[in-house]
Amino acid sequence: MSVSLRIARRPRLSSTDDDDEDDSCIDEIPLMGEHFELDESDLLMTARKQRRFSARNVAHFLAGGWISVCASCWGRLFQRCCRKKEFQERTVYLGLASGPQIKHPPNVVRNQKYSFFTFIPKVLFEQFRFFLNLYFLVMACSQFIPAIKIGYLYTYWGPLGFVIFVTMCREALDDYRRYSRDKEANSQKYKKLSRDGITSIPSSAIRVGDLIVVEKNQRVPADMVFLRTTEKDGSCFIRTDQLDGETDWKLRLAVQNTQRLPSNVDLLDIYATVYAEKPQKDIHSFVGTFSRTDNTCEDPLGIENTLWASTVVASGTALGVVIYTGAETRIVMNTSQPQSKTGLLDLEINTLTKLLFFAVLVLSIVMMILKGFGGPWYRYLFRFILLFSYIIPISLRVNLDMGKAAYSWMIQRDKLIPDTVVRNTTIPEELGRLTYLLSDKTGTLTQNEMIFRRLHLGTVSFNSETMDEVVAHIRTAFSQPAGVTGTTLSTPGRSGPIRRTVVTRVIEAVKAVALCHNVTPVYEELENGDVAAETEADQQIKQNVTYQASSPDEVALVSWTEEVQLTLIKRDLTSMQLRTPSGHVIRFSILQIFPFTSESKRMGIIVKEEETGEITFYLKGADVVMQSIVQYNDWLDEECGNMAREGLRTLVVAKRVLSEEQYQDFENRYHQAKMSIQDRSAKVQTIVESLERDMELLCVTGVEDKLQDGVRPTLELLRNAGIKIWMLTGDKLETATCIAKSSKLVSRLQGIYTFSKISDRSEAHLELNALRRKNDNTLIITGDSLQMCLKYYEHEFVELACQCPAVVVCRCSPTQKADIVKLLKTHTGKRTCAIGDGGNDVSMIQAADAGIGIVGKEGKQASLAADYSITQFSHLGRLLIVHGRNSYKSSASLSQFVIHRGLIITTMQAVFCSVFYFASVSLFPGFLMVGYATVYTMFPVFSLVLDKDVSSTIAMTYPELYKEMTKGRSLSFKTFFLWVLISIYQGGIIMYGALLLFDDEFLHVVSITFTSLILTELLMVALTVRTWHYLMVIAEVFSLGIYIASLAILKDYFDASFLKTWNFVWKVLAITAVSCIPLYVLKYLRKRFSPPVYSKLT
């Protein structure tokens, strides 16, 4: 707790500027702070207080001052232990440089909920947080008081201890599994460079300052500064989809000073330091400095010099120095700590137990009023409360926990969703009550595999089936003599281009696609040694090539040009080479590159063909920006719309041929713009736009981002089940829109409303008003715009977004994903489910009521942190619609039946007490009470977990049945009070029936009522069952057999001679028939005249 002391300014004897500054800084300073300045008057007051205390310190301490001293000490100790750690900037020493050793967090992955010391306190807190368990703890403790003791201690402590023991075992097993998975992740081996050479160490042993070698396709274990690579140009690509959800590969640059060193070992012989800013959440920025003291050079470090943990090196081998480990890495700082999740059903049952406790109090007070308040009435009142305490059955928690374990076992055993793992066994019912599904895109809905599907030239279109025609056209073009099919077929006598053949248009389009990109081909090294005699082109033909680019779209386009035999064989910073079908190599010089940005939405390149000297400006981009750049045409808009409806990602490709003079003029203006200090980017953009005019439209390409198997039918199934789907992705808006269409997240009849980029409150207000007028439209919004809306209009935005059939949030950070989940939970009160496959989805998964992780190609981070792990998105449908629904309905049925079991015996106890002059005496001995809740009725009651209202086939065929679950009708106040009435009726019939047929001995009443009670419970289980399972029949027969056997054994509780008489048999049968037959008749009538929805489908 932070306490502040406001110090009034006092006039000083001498006043200087410095004094004034100091004075203004201490208007409000922490009490007992480090820089606490006092003037003379303050010191005098303190001295007087000290003298006053010293005169009476001993008396004050003995009189109770020691309590305040202890409290103060404990308070300070608690604050010191629980204070939030402040992150510090750091200097990491390389080679021969040395400095102070500072302790940093260990580099370990930790998804565990408990530690060795916190396990018991946390589990006990979580259990006694439930009113049910707390109530029984108080009841059990009361039995240590002789005056109110009504039974043996084991009748109270036994069930309670068993419940806590079962819970502890389950939690310990779940946490041990997490520990095992974490241990596996922390044991992954990495190469460390030290003076002992290259050594292999586990990920958990990596420390700040270590030099770590990361191989191609290996995951980066900690946040590092990139020092060296095996790539000749000193750069490498990394995949960041597990960090930010983006599919684009990112280019990273090694520190030039270290990249120029002859070898990796030379890093150990330099004097260098790396300064790194303090750890922070922002994954897109970094501020640091690389300094060498042996040659006094200093290089600034930015995000392009970093390798964050959980990214994957996609090219070459990278060597870096570790700057952040464990809890200080970007990925962990964007991940929330796992919280214990409590299901809605548990909360509802907790509410019902409070209601039952209120009923116990009322019933006990009524009994006391009727008995009279004479004598030690409070003792009698507490005895009544204890007698009626069976109305809240402790076995309820046991049955529910065992039921949860059974559902989890069934999920893992389902052969139709193989390799599904239940990591959290406490919330299977949540799967049956979901309203919102929040899904990641990359790796969850899509496979992140781009495939080239279509090339459209305006009058002719080529798809996958007709690509062989493109190959034929290219072979035709390059088999003709040079000059016949040039890139521009214009005659001197005409101002415009002549009518071109399909062959010419195809070759121009393919050539543009093959040149306009940022792709670099990488070749695997040849194993044989006699490669010197071979030409470079021959070597490349024999080698396997892989393409590296910042976007998988680019790779798909260049891979397609290779398939149609115009192959990119070499690319560096200044040149490119293409190989034709005949093996001829065409060389191009790269004059300028204009990279793709989210603002420009286009990418351009100016190349010069070395043979002809022709300079061409190629441009490709989104159709919305390219329409105003290319020459007039009547087909572009329509064809782009057609491709988008098929879920293809479209790119419009255009070109412009430049003369030498035009290019020189452009280069001069471009260079001047780049050298300007003010408004540099705007000036550069203006110069580039001067080229982007009246360009020749070449083609439109269509690339498909391949969806996961079964995504479309699964989304349709979930939508029919009443689940609203939100897609949260870190990817670009255009990409997210394409996937929303191709996955059918947006149905054909729905429109799309793209929320404009906003920067202030007024813009947010206008956009929200526009959204309000768009009914039945899917909302697409960026993370920044969402943040602005939530800042000013949180409630209004959530209300409007929840009315949309689907929502897509793009450019979404990991923290934002979790915040959106929490926002929906807070504002709607509905149950949420989050599904993802990457490290950037962990926070979202842990924040949701049910978190589902997909085992992705790039790792198991999301899968390990989730409550449920599946292998593909299509398994989600069966997990929710079948298992979720069955778990909720069975648990609701089970819990109500267990409550009924307690209510019926409490009704009998109340009738017994009222008949026998309100004596606070137990009807049944303690052993029979324990037996009633366990061996006599436990197996049939628990077998209700096997009950199903419909088969899994019908549940999947009619997902609309799932909608009923979200309304919570299976366990509501209506169904609860219905069971209360049934319990009162049956308890009254059994007790009054036995008293009407009263015999001479009280022991006979116990025999009749208890036997009738057991038979009634077994028949009620049979009445409740909707689909019989052979184990249910076995449980019924087994329980009845155990009770019959115990009648013969427990001679102290039953009169064996009376049990053998016909008198006992007919009385028991008559009472049982009257208590059960009316309920069977009512069930038949209800099924006949008002059948439930599911019965119409069976």
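Trainee: What makes the contact between the side chains of Glu430 and Arg831 a salt bridge?

Mentor: In this predicted model, the side chains of Glu430 and Arg831 meet at 2.8 Å, N to O, and because a salt bridge asks for a Lys or Arg side-chain nitrogen within 4 Å of a carboxyl oxygen of Asp or Glu, the pair qualifies as a salt bridge. Glu430 lies in the loop between strand 16 (421-422) and strand 17 (434-439), while Arg831 belongs to strand 33 (residues 831-836), so the pair ties together parts that are 401 residues apart in sequence. Glu430 and Arg831 also take part in a network of salt bridges with Lys825 and Asp849.

Trainee: Why does Arg831 count as buried?

Mentor: Buried means under 20% relative accessible area, and Arg831, at 12% relative accessibility, therefore counts as buried; Glu430, at 1%, counts as buried as well.

Trainee: How do you know that Asp949 and Lys889 meet in a salt bridge?

Mentor: Their side chains meet at 3.8 Å, N to O, and the cut-off is within 4 Å, so the pair is a salt bridge. Asp949 sits in the loop between helix 30 (938-942) and helix 31 (952-957), and Lys889 in helix 28 (residues 875-915), 60 residues apart. Lys889 is buried, with a relative accessible area of 13%, and Asp949 counts as buried at 6%.

Trainee: Why is helix 22 described as largely enclosed by the rest of the structure?

Mentor: Of the 10 residues of helix 22 (residues 733-742), 7 are buried, so the helix is largely enclosed by the rest of the structure; among these buried residues are Thr735, Cys738 and Ile739.

Terms used
Residues are numbered from 1 along each chain as its sequence is written. This is a predicted model: local features need pLDDT of at least 70, side-chain atom pairs count only at pLDDT 80 or more; totals for chains, interfaces and linings use all residues. Side-chain values use heavy atoms; hydrogens and water are left out. Buried means under 20% relative accessible area, exposed over 50%, partly exposed in between (1.4 Å probe, protein chains only). Helices (H or I, at least four residues) and strands (E, at least two) are DSSP runs, numbered from the N terminus.
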